[in-house]
Amino acid sequence: MKTQLIRFLTALPLAAALGCDSPVPVVDPVEPQTQVASATTTGFVFDTTLIATPPTGGIPTDLLPRTAFNDSVLQGALVGSTETFTTTGTLGSRKDLESRTWTLENDPSEGQALVLNKLGSGPAVPQEPAVMQRTAIARLQRWGIPTSEMGQVLQVKSYLETEETGVTAVPELHRYKTFVMRAINGIRVQGHRAVVSHGVDGTFQRALISWPALARTGHLLRTRLSTADIQQRATAALVAEGETTGAVRLSWKYVPTRLATGDWALTLVVGASMAAGTGTTHTEEPRVIDVDVSPVP
């Protein structure tokens with residue numbers, strides 16, 4: 001019996017959107033030059049490097065419009081097809097559509113879309129990952145995502161591994177994947193990203209997008225708290241979650257909330273991240289606890 005499994009991803013370095021009209025802001029990995037403060041009543045050691053500079057910017061004027069999730073815009077700008085699409089099903093605000101060679105799922109209320117190429121990839125042809133990345137970003141920009149909303153860009157290769165009668169074959173290249181994280185003024189928006197996949201022949205195969213339209217007003221993007229104040233609040237939040245000791249990295253992030261208008265507003269929080277736990281039989285994911293920083297507009 002033969003089984004197939006996407007076994008692992010090989011990550012390439014973070015890179016900016018090469019070849020775009022304006023550069024995509026990329027958050028580089030932080031070097032181990034940290035500002036450290038120890039909590040006196042607990043065993044926490046805080047790395048405050050990523051919150052050393054408080055956010056000051058507002059919402060950009062150039063944003064992905066709500067109309068980007070209109071069927072015609074998705075079909076023409078994101079899919080890039082002139083084929084006729086037929087609605088095959090609906091569930092709440094989600095609509096399923098199909099054409100001769102494409103499947104499209106669209107949920108404008110949640111700001112989510114899924115595109116699938118029904119033809120699949122052809123024979124493998126050597127591809128340059130940087131070109132795949134530029135092509136993916138150009139597709140997202142053509143659809144309407146401006147560079148002012150793009151943050152980290154991660155380019156990876158996925159591999160397909162087969163197993164038959166207990167014998168595992170050599171993994172084969174399956175997809176070139178481009179992950180684009182949403183960020184405002186360099187601060188990551190929690191849960192919002194776009195993943196564009198190309199086949200081994202370089203053809204567009206898949207897009208999975210969670211990028212709802214942002215409101216023009218109603219955001220809480222800044223804080224008046226000092227770094228010391230935030231450390232104190234982080235200590236309380238960690239203790240409330242049952243933590244008592246460990247290294248903690250603090251970082252800014254925006255948490256999205258849907259408004260009555262259907263648009264989404266952002267609220268500034270600090271994520272307190274603790275290292276992954278490794279035991280003799282398992283490895284735990286890094287734990288991230290949100291810290292309220294009394295955000296203001």
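Reader: What makes Asp71 and Lys95 a salt bridge?

Author: Their side chains meet at 2.9 Å, N to O, and a salt bridge is a side-chain nitrogen of Lys or Arg within 4 Å of a carboxyl oxygen of Asp or Glu. The pair therefore meets the cut-off. Asp71 sits in helix H1 (residues 71-79) and Lys95 in strand E5 (residues 94-98), so the contact ties together parts that are 24 residues apart in sequence. Helices (H or I, at least four residues) and strands (E, at least two) are DSSP runs, numbered from the N terminus.

Reader: Before we go on, what sort of model is this?

Author: This is a predicted model, in which local features need pLDDT of at least 70, side-chain atom pairs count only at pLDDT 80 or more, and totals for chains, interfaces and linings use all residues. Residues are numbered from 1 along each chain as its sequence is written, and side-chain values use heavy atoms, with hydrogens and water left out.

Reader: Why is Lys95 called partly exposed?

Author: Buried means under 20% relative accessible area, exposed over 50%, and partly exposed in between (1.4 Å probe, protein chains only). Lys95 comes out at 28%, so partly exposed is the label.

Reader: How do you know that Arg94 and Asp96 form a salt bridge?

Author: Their closest N and O atoms are 3.2 Å apart, so the pair passes the salt-bridge test. Arg94 has a relative accessible area of 30% and is therefore partly exposed, while Asp96, at 18%, counts as buried.

Reader: What about Asp292 and Arg233: what makes that pair a salt bridge?

Author: The N to O distance is 3.9 Å, so that pair gets the label too. Asp292 belongs to strand E15 and Arg233 to helix H3 (residues 227-240), so the bridge ties together parts that are 59 residues apart in sequence. Arg233 is partly exposed at 32%. The search of the whole structure finds 12 salt bridges.

Reader: Now strands. Why is E14 described as largely enclosed?

Author: Strand E14 covers residues 264-274, and nine of its 11 residues are buried, so the rest of the structure largely encloses it.

Reader: How do you know that E13 and E14 pair?

Author: Two strands pair if DSSP finds at least two bridges between them. Strand E13 (residues 245-258) and E14 have 11 bridges, in the antiparallel sense, so they qualify. Val248, for one, has Met274 in E14 as its bridge partner. The two strands form a hairpin with five residues between them, and Gly262 in the turn has a positive phi of about 100°.

Reader: Which strand is joined to E14 by six bridges?

Author: That's E15 (residues 287-292), running antiparallel to E14. Ser273 stands opposite Val288 in E15.

Reader: Last one: is His198 buried or exposed?

Author: Buried: the relative accessibility of His198 is 1%. This residue lies in strand E11 (residues 187-198). Leaving aside neighbours within four places in sequence, His198 is in contact (heavy atoms within 4.5 Å) with residues including Met132, Arg175, Tyr176 and Phe204.
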